[in-house]
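My entries follow the structure.

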Amino acid sequence: MEKHNKEFEALVIFFILGIITSKDEGSVSALSLWGKEVDFMQKNCGYWLVKPDHSIPALDEFTVCVNIKRQISNSHWTAFVYLHPDNKQIELGLKGHGSDLKTLMFGKVWITPSVVSLHYWHSVCMAWSTSMTEPKVYVNGSRVALRPENKGKSLFPYCCLAPGGTLTLGVAHYFVEGKMVFESGTELKGSLSVFRVWGRARSAQDISAMACTDGDVLHWEARIWDKGQGCQPVPDNMLQCDNFFKVNLTVTIESPDNNPEIIIKDWLYKTLLSEKIFVLNFKLFTPLTHGRKRRMDKHTPSKVVEKRFLLLITSHSCVFHAKVKTSSNIEETQQQIHAFLDKPYTSGAISLDAQPEDILISHIEPGSCTEYNHQTRMGLFHWSQTEVEHITSHSCQGNPENRAIRKCSLGANSNKARWNKPDLGQCQVVVKSLKDLEDIAVTNENAVDILIMIEDMVHDKKFLDEYELSTVLDKLVEVINVSVITPHVGEAIIKITSDILESNSNLQPFTNCILNITEAIGDKMSGFTGESVNIVAPAIAISVVNIDPGNFHNLTFGVSSANKYSNLEIYINQEPFNGTVAFISLPSVIQESFPILNDTIPRIQFQFYGVPSLFPTKDGQEMKRLNTYVVSASVTNATGPVKNLKEYVAVTLHHLKAKRHDQDVQCVYWDFNKNDGYGGWNPNGCWTYNVSNDYTTCLCDHLTHFGVLLDVSRTPIDAKNEKILTLITYMGCGVSSCFLGITVLTYTLLEKLRRDYPSKILLNLSIALLGLNLTFLINSWISSFGIYGLCIAVATALHYFLLTSFTWMGLGAVNMYFALVKVFNVYVPSYILKFCLLGWGIPLIICGFVLAIKRDAYGMTMGDSQMTLDDSDMFCWVQDDVVFYVSVVSYIALILLCNGSIFLVVLIQIRNMQVNQPAGTRSDLLKDLRAVASLTFLLGLTWAVAFFAWGPVKVFLLYLFSILNSLQGFFIFVFHCLMKENVRKQWRVHLCCGVFKLQEYSEWSQTATVSPKPKPNPPNKFPLIASVRSIKSNSTQSSSVSSECSQWQVSITRPDLGCAYENSLVIPRARAGLSVPSVTGSGHEFLSTQ
């Protein structure tokens, strides 16, 4: 079934081709007279007359060729006469007197003796242009001398050949009373063929090559001649010319082999080449059409040995050109080719057959390859007109003893003659460097050749000096000015420009010139089909879009690239996607700038530049660099500058290097007038709309070249240190998470440790820090899933726990301030509950506000693999700079400022208290330092190191920052669990056994100071609670206030009474572990060191 379907499709295709080619064949057969002649020796055959609707136009230069053969000698004969339209003189003609040839032109006669002999064909051509004083006459390809019949007459200057005259072959004519009369006694007694006229004066070489080429003004075709009754053309067997045919056929093959192309070619060469029919441009339409298989028996003639073959029967269609050198007419040659192909063919086990209806033959006229001047690095070559499938040669300019050759071949698809690439291998290079281009003038004819030369010299050149760059760019400008910019020419210029951009040359002085060149290409582009044309090179791409003003609403342009400088793809009116490196969206208001001329189609062109080094940063921008590619848009022939738009142009550009949170970006455009006309970046009229690590979106009120500058004034961290810092952070957070978990469990399960306010604040802080560390550790793993919503959730959680951690640090500082500095007797109801509302509620409000206003402030960068420690792209966090600096940096800085201030005030207060103590009662320096360190970690003062990480000490301080803050949870455990006596004793009570277990009501519990719970007190009254404690010399334990105590107690030593009175003020409890001094008769100490 599949085979039948494919065979049916092939039949349909060839049926259509058959209709087309049969029409062509019929028209050619009806028109062409090639292979035919006019025999004026026939009865009643006296003349041929050109029809009025095919008369000769006005020509200021021309070439006329005709073949004549004299059969009978007569004194006067005429080959042709073209009479002036006023009927007063012969404008053009060819006559003879015996063997002498007479050339008539514009009323003047020249004689050439003894050149037209009897019984032989002679090719006679005459050429003339307005610059000549006499025509050039060629007989059988050679120029002959002319002798004027009458002296004193000159053709120079003469305007042109008059149009609208009458032309006759084989006889002269004149008019009597408006009626044409044929001259008697001067008829041509012989034959004439291939009368042709060209509208150009041909050279001798051209004329020799045009023996079988038809004219372009008058053709040798039956449709233009009035032949008269009884004067029909007859076959001409002497003129041997190449005829070309296009053959479409379908063949059926029976063969054990599965290589139809080789089989068909072998059949064609054996069948046609033996008949001097050459096969050209063979093409197999269907490489293989599977058919049915069958087993076939083959016997030897003796019928003794039997061979069995598995034959594959397939059908294939193909097309090729046939070249035939013959004097036969076209119809006969077609019939001959058809007969050769119709014969069954057998060769061994292979058989091939083509049905008559599957053989379609059409005559084609490929013409000849036209002459033109070819500029190459080997010099200038003038290739003359050459017949198809012929070869011509030209001497080399650098070494004339050698020759360059070039073939004129038949195009496989166009069916027309075309030049092959010349073989210049024997010629020396004349244009050796780019500087040699200065001596070559650029014309419309050689523009493409010069582009090829430049591309050949620039492509592999790694560096071009300033002079070479200037020369190349000047030549490109000349090409644009003198030639028609087709997509082919534009592609060549863009390719050269791309090579220049990719070189290591200093491009800064030529930025504006390069931009103007690419702009001019889009403005002058023509000759493309469809609404747009794209030209892409490794470092540059342009797109030209013709606009329908009535349907214009919005237009977008995007460029994507899988790799640097490769695989650039342009897409119009599509949304950006992963891999988009530049995207620009034009609003509908752009149409106000479209040209207003009715015959001008509005056009918008886009440009993309993939080499940032083309755009230098100057004029105070040395600390900024271009961190994106550059994209531009412009309106061709706009009514004026496209600026101050009511609707903004949106430009989204991909960062070449991911932006860090500590870096700023700036949307800019290229100002051609800055830096004394060399150009520079200007931020006016452009605003930053959205920024992430990888993309920046800008809004601009005009059209030009857009880019994004990155502030690189901050010293970056090298990859090695960044990897080490990341490793330290992850290890420290892991250790802190473990010990924070122990701290939370200790203060949660052991109720006696969290009876006072400081312990409860410490518990909340530990929970917040534990959440912060755990969220940080799982962030990269969660972001590796690539789920946008999940990433927003983890980024929000990380933001929330960071804010809660600092909020509780601040609340701890406030509590300490109340306890040690702002001592007053005020009872605060639900003190810890209000602290909890502040500590957990404020961050919740901030995060909720960010989610409600700008959810995209949280984000991530997608990746294909799981995150590694040094892959900072795979991290969910605050992506928006404004949100980051307002809700993170500012918040933390405010809390650290408050905590630092309270820390200094407390230290001063404690110092004053120590100074007022009697000698011998002060604590040692080690305990003081330990207490200060405890306060530093609890108040988060180590985070302030980040604000001083600048300049040469940046790396050192970042190491210090990472170590101290990632281990903050560990230090809290050490100072407030491991080094705190009451916590250790509670561990012994509840966790130990045997000799290590401590009873609930042991010496520790008995020595603890039990204080009553605070109660509301009347204003301005400070009740005194006396407590008598035994004073033990050199004992800090007996004189300290237990962490169980809810009041800050001041002990006053009274030696004469032998006891100490402690005044207790009812105030909010100090935070557990804070440096709360107890001044006794034996000195002072910090609760955190117990």
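Is cysteine 791 buried or exposed? I find it buried, at 0% relative accessible area. Buried means under 20% relative accessible area, exposed over 50%, and partly exposed in between (1.4 Å probe, protein chains only).

Notes on the source. This is a predicted model, where local features need pLDDT of at least 70, side-chain atom pairs count only at pLDDT 80 or more, and totals for chains, interfaces and linings use all residues. Residues are numbered from 1 along each chain as its sequence is written, and side-chain values use heavy atoms, with hydrogens and water left out.

Disulfides next. I took a disulfide as a pair of cysteine sulfur atoms within 2.5 Å. The count comes to seven.

I looked up cysteine 791 with cysteine 876: S to S is 2.0 Å. The link is left-handed, with -125° about the S-S bond. Cysteine 791 sits in helix H12 (residues 788–820), cysteine 876 in the loop between strands E46 (858–859) and E47 (877–878), 85 residues apart. Helices (H or I, at least four residues) and strands (E, at least two) are DSSP runs, numbered from the N terminus. Cysteine 876 is buried at 0%.

Then cysteine 686 and cysteine 700. Their sulfur atoms are 2.1 Å apart. The S-S torsion is about 115°, so this disulfide is right-handed. Cysteine 686 lies in strand E43 (residues 686–691) and cysteine 700 in strand E44 (residues 695–700). I read 8% for cysteine 686 and 1% for cysteine 700.

Last, serine 783. I found this residue in helix H11 (residues 757–783), buried at 1% relative accessibility.
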